Amino acid sequence: PDHGIDVVVPIPDTSRASALQCAYTLGCPFREGFIKNRYIARTFIMPGQASRRKNVRLKLNTIKNEFKGKNVLLVDDSIVRGTTSKEIVAMARDAGPNKIFFCSAAPPILYPNVYGIDIPTRTELIAHERTTEEIARHIGVDWLVYQDLEDLEESIRSVNPEMDGFDSSCFSGSYVTPDVDAAFLNALEASKTQERPKLSGKTQANGAAAAEETPRQDAGQDAGECEALHNPKRARIEDPTHLA
């Protein structure tokens, strides 16, 4: 197909299966463009924007040869607040691609989850009252495509025709329990809004301080194949003389 995509790159790890099938269907090479630090937790559940942005940079490093001069399709499992996606796109831009496209394997997340996953309030979700084009501009990609909810559910039915119902409340706003209505969601958001200043004030301040301690590598500096492995903290760990 004449789609102009040179390479499909998954955002580790949960999008790998979707990206592999996407590359196969498009007839494009599948490449691992990011190296993941496996000691960093999921960033979308971390409190505070500063903490999430900082930890995205600690979590991933780019393999620059997979991006430079290419039209790259990034595939991720979902977009929640958009903080992680925006930072990953910025990292990919630093590696010198021609264009960056973005595919979300999940439909737009428009509503909070009330069954055990701490997905934020509606106003914190990037898809809340935004068009796909507005989200693309916000995270910094040339274009963005989301999974279609009906297609997603149909693909599951094709594997197991006996499944006739799904909890797709985060996408559709239709909750499987009758007590979850507009009043319940409003009360839930109000309670989270009251709790957040107590929690996020300290974590954001700590996140900002930590960000100042770890300067970002200059985009013009050559770090070899991978981005930003040379930093003062790493050098300090490798040199045991500071322990003397």
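**A walk through the fold**

The protein exposes about 13900 Å², and carbon and sulfur atoms supply 53% of that area (accessible areas come from the Shrake-Rupley method with a 1.4 Å probe, with only the protein chains shown counting as cover for residues). What you're looking at is a predicted model, so local features need pLDDT of at least 70 and side-chain atom pairs count only at pLDDT 80 or more, while totals for chains, interfaces and linings use all residues. Residues are numbered from 1 along each chain as its sequence is written, and side-chain values use heavy atoms, with hydrogens and water left out.

Let's start with the layout. Follow the chain along and you'll read β-α-β-α-β-β-α-β-α-β-α-α-α-α. Of the 244 residues, 39% are buried, where buried means under 20% relative accessible area, exposed over 50%, and partly exposed in between (1.4 Å probe, protein chains only). Among contacts (heavy atoms within 4.5 Å) with a separation of 6 or more, 70% join residues 24 or more positions apart.

Phe184 gives you one such spot to look at. You'll find Phe184 in helix α7 (residues 182–213), partly exposed at 34%. Leaving aside residues up to four places away in sequence, Phe184 touches Val114 and Asp179. Val114 is 70 residues from Phe184 in sequence, yet their C-alpha atoms are 10.0 Å apart in space.

Now for the charged pairs. The structure holds 10 salt bridges, each a side-chain nitrogen of Lys or Arg within 4 Å of a carboxyl oxygen of Asp or Glu. In one of them, Asp142 pairs with Arg93, the closest N and O atoms being 3.2 Å apart. Asp142 sits in the loop between α4 (132–139) and β6 (143–146) and Arg93 in helix α3 (residues 83–94), so this pair ties together parts that are 49 residues apart in sequence. Arg157 and Glu154 also form a salt bridge, at 3.8 Å; they are 3 residues apart in helix α5 (residues 149–159), about one helical turn. Asp13, Arg16, Glu32 and Lys36 are linked in a network of salt bridges.

And the cysteines? A disulfide needs two cysteine sulfur atoms within 2.5 Å, and the count here comes to 0. The sulfur of Cys103 has its closest cysteine sulfur in Cys22, 5.1 Å away, too far for a bond. For Cys28 the closest cysteine sulfur is also in Cys22, at 7.6 Å, again too far. Cys103 is buried at 16%, and Cys28 is buried at 11%.

Notes: Helix = DSSP H or I, 4+ residues; strand = E, 2+ residues; numbered from the N terminus.
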